[in-house]
Amino acid sequence: MGENRLFKKFIISYFCFVLLPFAIILTGVVVYANRLQLKNDIIQNENLASQMVNAVSRQGELAENMCDSILQNQSILNFFDKEYISSPDLTYYRTTIYEFVKTTNGMSDIRLRVYLENTSIPMGFGIFYPMRYINQGKVFQSFYDSGQESVWLDGDFDSELPENKRLGSDDTYHFLHKIQIGNRLLGVVEAMVPKRVLTTHDSLAQPGFIVVDDCYFYNYSEQSLTKDQLRRLAAGDMAGHTTSLVYSRYELPNGLFDIVIISPRSQITFLAALAIFLLLVVVLVMLAGFFSYNRRLIEDIHHCLDEMAVAIENDFNPPAGLRSFSIDGISKRKDEISVLARRITYLLGQIRFLLDQKIQKETAAKEAVLLALQHQINPHFLYNTMEVFSARMELAGLYEESGAVSAFCRMLRYNLNTKDLMSTLEDEIAQVKYYIAIQRIRDIPFEIKFDIPEELLKERVIRFLLEPFVENSFKYRGNASPLQVSVSARMLGGQIELLIENNGEPVSADRAAELNERFKNNPVSVKSHGARVGLNNINSRLKLFYGDSHYIQVNSDGKTTTFRFLVERRPDAAEEDAP
C-alpha cells in the first residue's frame, strides 16, 4: 500500500481510546482529590473556628452568669433597696453582701463592680460605688435610659470623659446589667472582662491573635499577612478560601467582635506531582513498547491488504513476476493474522475459480421478477464479493459503511435464495430494516414505523414483497424532511391487508388513476413500465401467485400516498406436508 494509513489510524485510535481517556480520568482524579482536600480543609478550619467561638462564648457567658448570681439573690436586692441606718446593717453588709460578691469575684479573672442609686449604703471594698462614678458618659446614659436590661461595651465606651473620670480601658470589655425591683432602678452591676480572657483557649495549640478593626484573627498558616489582607478576609464571605488559605468568620452572639480563623490550604506535594509525572512517563514508555512490539502485526496486516489490492487490480489473477512480499509465510503461522491471511487466500482462490467458470452475473432487480433475477446471478459470488468489501471497510475503520454493506449482503442472500418461493412477514420486515440500515449512511432525515400484529409475523407470503415500496418512498421522497414511512398489516376476513404509506412526492389524482388502471388490468409481464419497475414486478407476482383479484391499489390525499394490497393466508410448511 502506498500510504501508511493503518498505522496512523492505529496511533489515533490508541490516542483517542487509551491515552486521551486516561489523561481525562487522571485529570478528573486530581481535580476531585483537590476538591476533596479543599473540603476537608474547610471542615477542619470550621472545627477550629467552632472551638474558638465556643471558648470565647463560654467566657462571655461566665461574665453574664456572675452578674446573674447577684441579681437573682433576693436578699442582696432587698439590701440595695432599703435605707442603711444602723450598725446591724453594717454587719450584714460586711459579713453577707460583701463576702458573697467577693466569693463570686474570685471565680475567674473577671471582676465585678456594683454601682448603686442608694447613697445611704457606704461604698468601698473595691466593689461598691455610687452611680456618679459611671453615669457621666453618654454611652452609658443611653443604655441606662433605654429599655435594655443589659449591654456589652468595649473599654473605650467612656472615652468622651476626662481621663481621670474614665472607668473603661482599652484591654477590657464591660458587661452591664441593670439592678431593678419592679420598675425602679437600683443601679448597675458590671462585669469587667479582660480581653486576654476572651481570646484564650488552652485546648488549642493556637497562635497569637491579631486585632484589626474589631476582628480577632487567628492565623494557623505559616504565611505572614498584612493588615490590608486581613481586612479583605474580614470583608468577604463568612467562609471562603484563596489559592493557599482557608478562612472562616464568626460573629459572637454578644456582637462585641468577630473571630476570623485562618488555616493553610493543602497543596499538591512535590512527591504527588512527581508520582503523576512518573505515571505519565510510564504510560508513554508503555505506548512506545506497545507499538514496537506490534510493528510486525501492523506490517502483516499491510501485507494482507496489499495482497488483496494487487489481486483486485489484476482481475483476481496471480500477479506476474516476483513480489516483495507474500502472505504464504503469514498463513503458516498460528495466530489471528494467519487466519486472516488464509481466509484472504481462500477467498481470492474462490473468486478466481468463479471467474474461470465464467458464471454469468447480471443485476436486473428492477427489470425482471425475482426468480429471473435469482437465476441470472450466482448468489455466492456476489455475496462473497460484498463480504470482501465489507471486511476491507471494517479494516479501514469505515464501520458504518461496513455495516451497510453487511446489511446489503443479507438482503442479497435473502433475495437470491432460489430454493424458497415464500417467506414470512417477519423476514420481509427484516429485509426492510436491512434496507433502512443502508439508507442511514446517506444522511437522509427519515422516520419509519411498523405496525404488524405479532400473530401475523409468522404468516407466509411471497418473497420480496415490502422492500420495493420502501425503496420507492426514498426514491420519490421529494422535499419531505423528515421522510415518514409506515408499514402496517391487519387481518381482513381470511386475507391479510398490507398498507405502505409515505409523505414523499405526492401522487396526483390523474397519476393515481393511471396506476390503479394499470395494476388492475394490465396482463402479467416481466417487462418494466417506466421507472417504477419494482411495483410492477410485485403486482405481476401477486396476480401470478394469488390470482387476478390481487393487485396494488394507490391512494393519495395530496400529503400522504398509500399503497394497499391483499394476500391470502397460506399454511406453513408443516401444514402443507400434513396428510
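Which residue in β4 does V151 stand opposite? The residue is L176. The model discussed here is predicted.

## Overall composition

The secondary structure of the protein comprises 18 helices and 17 strands. Of its 579 residues, 41% are buried. Among contacts with a separation of 6 or more, 62% are between residues 24 or more positions apart.

## The five-stranded sheet

An open sheet is built from five strands in the order β2-β1-β5-β4-β3, with mixed pairing. Its edges are β2 (128–130) and β3 (150–154), each of which pairs on one side only. On average, and ignoring direction, neighbouring strands of the sheet are turned by 25 degrees against each other.

Strand β1 has five of its six residues buried, so it is largely enclosed by the rest of the structure. Its pairing with β5 is antiparallel and runs over six bridges, with A191 of β5 as the bridge partner of L112. The pairing of β1 with β2 is parallel and consists of three bridges; here Y115 has Y129 of β2 as its bridge partner. In general, strands of a sheet pair through backbone hydrogen bonds, either parallel or antiparallel.

Helix α2 (residues 74–81) lies across β1 (111–116), β2, β4 and β5 (184–194). The angle between α2 and β4 is about 75 degrees.

## Nonpolar cores

The largest nonpolar core contains 43 residues. Within this core, the residues with the most contacts are L465, L466, L498, L542, I552, F565 and V567. Helix α14 (residues 425–439) supplies its largest share, six residues. In soluble globular proteins, nonpolar side chains tend to be buried together.

Apart from neighbours within four places in sequence, F565 is in contact with L465, L466, F469, I496, E497, L498, I500, L542, Y551 and I552.

## Packing of α8 and α10

Helix α8 (residues 295–313) packs against helix α10 (residues 336–356) with an axis separation of 10 Å and an angle of about 5 degrees. The two helices, α8 and α10, are therefore roughly parallel to each other, since angles under 35 degrees count as such.

On the α8 side, the contact is made by L297, D300, I301, C304, E307, M308 and A311. On the α10 side, I337, A341, I344 and L348 take part. The contact of α8 with α10 consists of nine nonpolar and two charged residues, with no polar ones.

T561 belongs to strand β17 (residues 561–568). Its relative accessible area is 2%, so T561 is buried, the cut-off being under 20%. Leaving out neighbours within four places in sequence, T561 is in contact with I500, E501, N502, E505, P506, V507, V554, N555 and S556.

E514 is located in helix α16 (residues 509–521). With a relative accessibility of 41%, E514 counts as partly exposed. From E514 to V554 the C-alpha to C-alpha distance is 9.6 Å, while the two residues are 40 residues apart in sequence. V554 is also one of the contacts of T561.

Technical notes: Residues numbered from 1 in each chain as written. Predicted model: local features only at pLDDT ≥ 70, side-chain atom pairs only at ≥ 80, totals over all residues. Heavy atoms only, no water. Pairing = 2+ DSSP bridges. Helix = DSSP H or I, 4+ residues; strand = E, 2+ residues; numbered from the N terminus. Axes fitted to C-alpha atoms, helices over the stretch in contact; angles between N-to-C directions. Contact = heavy atoms within 4.5 Å. Core = buried A, V, L, I, M, F, W, Y, C linked by side-chain atoms within 4.5 Å. Buried < 20%, exposed > 50% of the residue type's maximum accessible area, 1.4 Å probe, protein only. Parallel < 35°, antiparallel > 145°, perpendicular 65-115°, else oblique. Nonpolar A, V, L, I, M, F, W, Y, C, P; charged D, E, K, R; others polar.
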